Amino acid sequence: MLLEQMQSPDDLKKLPVEELPKLAEEIRQFLIESLSKTGGHLASNLGVIELTIALHYLFDSPKDKFLWDVGHQAYVHKLLTGRMDLFPTLRQYKGLCGFPKMSESEHDVWETGHSSTSLSGAMGMAAARDLKGEDNKVVAIIGDGALTGGMALEALNHIGEEKKDLIVVLNDNEMSISPNVGALHNYLGRLRTNKTYSKTKHDLESLIKKIPSVGTPFAHLLERVKDSLKFLVVDGVLFETLGFTYLGPIDGHNLTDLMECLRQAAHTKGPVLVHIVTRKGNGYQPAEEDQVNYHGVGTYKIESGAFAKKSGGPVAYPAVFGETMIKLAEENPKIVAISPAMLTGSKLEKFQRRFPDRTFDVGIAEQHAGTFAAGIATQGVIPVFSIYSTFLQRAYDQVVHDICRQNLHVVFAIDRAGFVGEDGETHQGIYDIGFMRSQPNMVMMMPKDENELQHMLYTATEYGKGPIAVRYSKANGTGVQMDEEFKLIPIGKSETVQDGEDVALVAFGSMVEPAIQTAELLQKQGISAKVVNARFVKPLDEEMLLSLYHDQMPIVTMEEGALQGGFGSAVLEFFAQREIYDAKVKLLAIPDYFVEHGSMAQQMEEVGLTPPQIADQVTRFVKKKQEV
Ligand SMILES: Cc1ncc(C[n+]2csc(CCOP(=O)(O)OP(=O)(O)O)c2C)c(N)n1
Ligand SMILES: CC(=O)[C@@H](O)[C@H](O)COP(=O)(O)O
Ligand SMILES: [Mg+2]
């Protein structure tokens, strides 16, 4: 098997060119087989097998730098850089990361997970290279979806101006996770169908070169004629206008064409954009036919492509969000949904089918989505901005400057809040509590179960006074009975779940259920714990906190979020502001480091947030308090 011999790109370079299609086929079979057992980002990787082979064959990694945008398509790169044996551990605890990771290999020179960063990173590397007087190549590989991200467009603007040697490979498969959207996508479509462009341009340039222009009075005029002629050939060559040499479009599954084009790119001065056209899921029929669901998969049967059945259990929070949105929108015609390219994961596809005019998939454009929501809200329409916690990070200034400062009624539906499992550190949804609650006007809540989620969403859409956020986990709910009618939750009011005398477990959202389990464990040790469902991190239920203090209850705050600036911090701030210095408060939250991939359960255990671990900590805390 050729693949087994690939310990480094040097081994690849030893292969005769004729063997490369065989290697590509082996990689395809390997990925289909290996991911059927581990899951992972299958379809995107099947689409870049030939491209990755061509890149490693022609360039000299790690001297030459490859920056994989999003990084979900870097599995082939991992295979060709000696990590085949680790694939059975892909995305598992302490196993191979699903994204580029510098600690894994010297060939991973840029870490990703969030999209649209590769061009800025590449520009930085090219600038540093030139300052140091070095001569390596820098190649950014970006998908058509990631290209819609604002960062990528900002970088194109800069790169085109600076004119440094840098190659951008645009992998155009017409797909984001869902079919790609937007005017830029439509433009790429026109380039794709205009296959004669490159040839015509080449012929034209050869012709113009024959006219003796340099040094003549007509030089400038002739250059302008050349540019104008280009625009006659296709309706606007955006990338050339921006200062890139545009090569393509070429078939990204044809190794010969790829090699030829990349060779030409490597010898071209200044920024080059190589436009390759690929098929997501290429070579595996189930993935080609259902590109959306094969973007990221769990385990599946190779022959049929059938996904392993989910192990029953209660419905997951995102599904409850999707269903609730339909109910809410049926009752309230002012409600619209906004998603930055995540309709599928956010469970809004059914909503989109039911209310196509009230659904906005804006592409990978979190910043725009935020300010777009603000604009909608100014007109009395109610935008529900559905966004994963981790991607909301990208829209922070929009949250601050456009939404909170203008005190607009934007409803944030913050999905994937807390640990996310296999995607790991780039995707953990654990910072939103801190960065949202610091904003004036913000209201923020998290439900203890799926029934409370629907009531919170209803409360948020009815609120009307300013920005309001509901964060919820990707996990399954608790299996609680769902109420038929929506109820308003009083803003800033907690709920006592069970009474107790020795300690108060004040839990935020997803930690209420573990708090109840912890209380049971404590009971066995003779410790009586009160459990409070905090519901709100902002505004806090101050009355509840003061009452616990007056009852001299030690307080343990519990949250699935970062310790710094989180729910527990808010409780401490409250007591400090009231000049209450003898409140006994212990904070249980996620400590100050990036927690890597694994299952959500493993991640909770790693940071000490499982009920037995919490019970131990609470026992020590209560005993210490009694000793004082
Ligand atoms: C900032 C950000 N927003 C959203 C995502 C979620 N996401 C991951 S891959 C992807 C689609 C990327 O499409 P494209 O770049 O064309 O790559 P393809 O999967 O088609 O190869 C999206 C929306 C992300 N990783 N980062
Ligand atoms: C690479 C990426 O950002 C997405 O594909 C992400 O992995 C989706 O996560 P979910 O599976 O939770 O929707
Ligand atoms: Mg794509």
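**Exercise 1. S115 and its surroundings**

Task: Find which residues S115 contacts, leaving aside its neighbours within four places in sequence. Then decide whether S115 is buried or exposed.

Solution. 
Step 1. List the contacts. S115 touches D69, V70, A146, G149 and I364, with neighbours up to four places away left out. Keep in mind that this is a predicted model.
Step 2. S115 sits in the loop between α5 and α6.
Step 3. Count neighbours. There are 26 other C-beta atoms within 10 Å of S115. The cut-off for buried is 20 or more. So S115 is buried.

**Exercise 2. G113, in that loop**

Task: Work out where G113 lies and why G113 counts as buried.

Solution. 
Step 1. Locate G113. Its place is in the loop between α5 (75–79) and α6 (118–132).
Step 2. Count. G113 has 20 C-beta neighbours inside 10 Å, so G113 counts as buried.
Step 3. Name the contacts. Not counting residues up to four places away in sequence, G113 touches G71, F99, D423, T426 and H427.

**Exercise 3. Two ligand shells**

Task: State which domains give residues to the shell around ligand 1. Then describe the surroundings of ligand 2.

Solution. 
Step 1. Start with ligand 1. It is surrounded by 22 residues, and the closest are S44, S115, G143, G145 and A146.
Step 2. Sort that shell by class. It has 7 nonpolar, 11 polar and 4 charged residues.
Step 3. Find the domains. Domain 1 (3–194 + 242–289) and domain 3 (317–471) both contribute to the shell, so ligand 1 lies between them.
Step 4. Turn to ligand 2. Around it are V70, H72, I177, H295, G296, G345, R416, D423 and K474.
Step 5. Sort again. The shell around ligand 2 has 2 nonpolar, 4 polar and 3 charged residues. Domain 1 and domain 3 each supply at least three residues to this shell.

**Exercise 4. Reading an annotation**

Task: Which residues does the UniProt annotation "binding site" cover?

Solution. 
Step 1. Read the record. The unreviewed UniProt entry lists H72, G113, H114, S115, G145, A146, N173, Y284 and E366 under "binding site".
Step 2. Check the spread. These residues span 295 residues of sequence and reach up to 31.8 Å between C-alpha atoms.
Step 3. Compare with the shells. H72 is one of the residues around ligand 2.

**Exercise 5. Buried parts**

Task: Say why helix α4 (residues 49–58) is described as largely enclosed. Then examine V138 and the largest nonpolar core.

Solution. 
Step 1. Take α4. Of its 10 residues, 8 are buried, so the rest of the structure largely encloses the helix. The buried ones are I49, E50, L51, T52, I53, A54, L55 and H56.
Step 2. Take V138, in strand β2 (residues 138–143). It is buried, with 26 other C-beta atoms within 10 Å.
Step 3. Compare sequence with space. V138 and L67 are 71 residues apart in sequence, and 7.9 Å apart from C-alpha to C-alpha.
Step 4. Go to the core. The largest nonpolar core has 173 residues, and those with the most contacts inside it are L119, V274, A373, F385, L505 and A507. Helix α2 (residues 20–38) gives the largest share, 7 residues.
Step 5. In soluble globular proteins, nonpolar side chains tend to be buried together.

Technical notes
Residues numbered from 1 in each chain as written. Chains lettered and ligands numbered in written order. Predicted model: local features only at pLDDT ≥ 70, side-chain atom pairs only at ≥ 80, totals over all residues. Core = buried A, V, L, I, M, F, W, Y, C linked by C-beta atoms within 7 Å. Buried ≥ 20, exposed ≤ 12 C-beta atoms within 10 Å, placed from the backbone. Helix = DSSP H or I, 4+ residues; strand = E, 2+ residues; numbered from the N terminus. Near = placed C-beta within 6 Å. Nonpolar A, V, L, I, M, F, W, Y, C, P; charged D, E, K, R; others polar. Domains from an automatic or database assignment. UniProt positions renumbered as here; feature names shortened; annotations may be inferred. Contact = placed C-beta atoms within 7 Å.
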